[in-house]
Amino acid sequence: SIARTNQSVTLNWESQNNRNYSIEASTNLTAWSPFATNILTTTTNSPFTFTSNNVADKIKFFRIHRAP
């Protein structure tokens, strides 16, 4: 899920304890770039919060995957 409060954006996803995840971002759903890497989860519902001022594009798509 995604939530926004003022300039803070929070992504939440179901995860496994003690696993690393990465988030990629895209403006067109075709070209993906690393957005955040090596996010270590400690619960089964993982949040990642960032400030939208740090995101250059107004429209952004995110995908999250477990890192090997």
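Strand E3 (residues 20-26) and strand E4 pair up antiparallel, with five bridges between them. Strands here are DSSP runs of E at least two residues long, numbered from the N terminus, and two of them count as paired if DSSP finds at least two bridges between them. Keep in mind that this is a predicted model: local features need pLDDT of at least 70, side-chain atom pairs count only at pLDDT 80 or more, and totals for chains, interfaces and linings use all residues. Residues are numbered from 1 along each chain as its sequence is written, and side-chain values use heavy atoms, with hydrogens and water left out.

**The sheet**
- Three strands make an open, antiparallel sheet, and their order is E4-E3-E6.
- E4 (33-40) and E6 (61-66) are the edge strands, each pairing on one side only.
- From one strand to the next, the twist averages 20 degrees (axes are lines fitted to C-alpha atoms, and angles run from 0 to 180 degrees between N-to-C directions).

**The salt bridge**
- Searching the whole structure turns up one salt bridge, meaning a side-chain nitrogen of Lys or Arg within 4 Å of a carboxyl oxygen of Asp or Glu.
- Glu 24 and Arg 63 are the partners, at 2.6 Å from N to O.
- Glu 24 sits in strand E3 and Arg 63 in strand E6, so the pair ties together parts 39 residues apart in sequence.

**Burial of the two partners**
- Glu 24 is buried, at 18% relative accessible area; buried means under 20%, exposed over 50% and partly exposed in between, using a 1.4 Å probe and protein chains only.
- Arg 63 is partly exposed, with a relative accessible area of 38%.

Key:
Helices (H or I, at least four residues) and strands (E, at least two) are DSSP runs, numbered from the N terminus.
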